[in-house]
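Dear colleague,

Please find below the structure that I am handing over to you, followed by a written account of what was found in it.

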Amino acid sequence: MVVGFVYLAYLIFFESGDGMPEIDVNLKDVISYAVLAVEMGGHAVMKVDEEKNLNAAAKGLTDEGKEELLTRADLISNHLILDILQRFPQLKIVSEEKSSEFSDREIEPYRSDNYAVWQSVKEILDQIPNRRLQLSDVRVFVDPLDATQEFTEGLTEYVTVMACIVVDAEPIFGAIYRPFFNETVFGLQGFGVITSDGKKITPMDESKTAKKVVVSRSHAGKVKEVIEKVYGDKMTIEPAGGSGYKTLRLVNGTAELYLHTTAIKKWDTCAGDAILRTMGGAMLDLEGEPLRYSSADPILNKKGLLGTVRNPYTYFRKFQGIKLL
């Protein structure tokens with residue numbers, strides 16, 4: 001009997017390889033918390049903006065030598081998002097920001113009513129089919145405030161809060177919340193892309209899609225040369241802030257292509273990539289490979305990206321032979 005109990009304990013606690021028992025979850029539940037988390041984080045971002053006390057500071061330099069800014073809004077949003085997602089024990093969370101030093105008492109004024117936020121999207125989330133997963137196979141990427149630079153400049157139209165669910169190396173669910181417009185778009189592979197007010201989104205007919213390429217505000221000039229070489233005057237360039245915002249421009253058909261020619265972190269791309277894949281498109285790096293999000297893959301993508309709601313290889317082939325990086 002003793003040997004039997006020892007063997008049973010081994011199977012329960014060590015077979016998973018990390019000394020902890022496997023936890024079975026419903027993907028629908030993880031998605032529900034992810035959507036709640038980005039909306040809670042976004043509401044906090046707006047409250048900080050109303051206070052006009054951002055405490056913006058440089059947290060380091062990008063690969064291009066540009067300052068990366070950090071504000072109270074980034075940290076408070078991150079705190080609230082992690083607080084919600086950590087209700088799943090052992091869930092692996094990859095966030096742009098580290099855990100903040102704010103106490104719960106300091107955070108409390110920025111908490112929205114969980115129930116009210118939840119009720120606003122409950123009917124939509126109830127439509128998502130059930131699917132059982134091992135929690136150890138799931139990672140969640142979080143960007144608590146995308147377009148921080150633009151946020152500090154008052155360009156709030158670019159600001160988004162994002163969460164993405166990855167199974168193995170593939171982003172299967174993404175949620176992008178625009179807090180200053182109270183708009184959430186989320187997509188689940190096999191289910192579709194839908195807004196928080198219940199509107200289903202499919203790719204706009206190519207003939208009606210705006211012939212625009214959205215690019216980073218910081219390096220629009222280099223991309224302009226490339227686009228002119230490939231498309232001549234058939235495409236226009238629009239500099240814009242935030243990867244989440246640029247993805248939504250593809251989703252709503254007001255841009256056809258998203259091109260980025262420098263390094264970018266995967267918490268900036270994961271949610272948008274999941275939504276584009278759901279619509280039949282994807283983000284590729286500029287060597288033509290789909291972005292991967294496993295724990296073995298680097299967080300920093302140094303190979304740029306090309307994003308579209310349609311077959312990305314159709315566009316990628318047009319750039320072959322042109323130096324993009």
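In which handedness of crossing does α2 pass α3? The crossing of α2 past α3 is right-handed; the term applies if the near helix is turned clockwise from the far one by less than a right angle, and left-handed if anticlockwise.

Please note that this is a predicted model, in which local features need pLDDT of at least 70 and side-chain atom pairs count only at pLDDT 80 or more, while totals for chains, interfaces and linings use all residues. Residues are numbered from 1 along each chain as its sequence is written, and side-chain values use heavy atoms, with hydrogens and water left out.

Overview

The protein chain contains 10 helices and 18 strands; these are DSSP runs numbered from the N terminus, with helices being H or I of at least four residues and strands E of at least two. Of the 325 residues in the protein chain, 54% are buried, where buried means under 20% relative accessible area, exposed over 50%, and partly exposed in between, with a 1.4 Å probe and protein chains only. Among contacts in the protein chain with a separation of 6 or more, 70% are between residues 24 or more positions apart; contact means heavy atoms within 4.5 Å.

The pair α2 and α3

Helix α2 (residues 27-51) and helix α3 (residues 72-85) have axes that come within 8 Å and cross at roughly 155°. That makes α2 roughly antiparallel to α3. Axes are lines fitted to C-alpha atoms, for helices over the stretch in contact, and angles run from 0 to 180 degrees between N-to-C directions. Angles under 35 degrees count as roughly parallel, over 145 as roughly antiparallel, 65 to 115 as roughly perpendicular and the rest as oblique. Residues of α2 in this contact include Y33, L36, M40 and V48, and those of α3 include I76, L80 and I84. By class, the contact of α2 with α3 has 14 nonpolar, three polar and two charged residues. Here Ala, Val, Leu, Ile, Met, Phe, Trp, Tyr, Cys and Pro count as nonpolar, Asp, Glu, Lys and Arg as charged, and the others, Gly among them, as polar.

W118 belongs to helix α5 (residues 114-125). Its relative accessible area is 24%, so W118 is partly exposed. Setting aside neighbours within four places in sequence, W118 is in contact with S32, L36 and L125. W118 and A37 lie 81 residues apart in sequence, and their C-alpha atoms are 9.7 Å apart in space.

Strands β7 (residues 160-167) and β8 (residues 170-178) run antiparallel and are joined by seven bridges. C164 has G174 in β8 as its bridge partner.

Strand β9 (residues 183-188) is joined to β10 by four bridges, and the two run antiparallel. In their hairpin, with three residues between the strands, G190 takes a positive phi near 85°. From β10 (residues 192-195), G192 and I194 point one way and V193 and T195 the other, and all are buried. Strands β10 and β11 form a hairpin with four residues between them, in whose turn G198 has a positive phi of about 90°.

The pair α8 and α9

The axes of α8 (residues 243-251) and α9 (residues 266-278) come within 8 Å and cross at roughly 15°. The two helices α8 and α9 are therefore roughly parallel to each other.

The five-stranded sheet

A second open sheet, of five strands, has the order β13-β12-β14-β18-β16 and mixed pairing. Its edge strands are β13 (236-240) and β16 (282-284), each pairing on one side only. From one strand to the next, the twist averages 25°. Strands β12 (residues 212-216) and β13 pair in the parallel sense over five bridges, and E238 in β13 is the bridge partner of V214. Helix α10 (residues 312-319) packs on the sheet, touching β14 (257-260), β16 and β18 (305-308).

Terms used
Two strands pair if DSSP finds at least two bridges between them.
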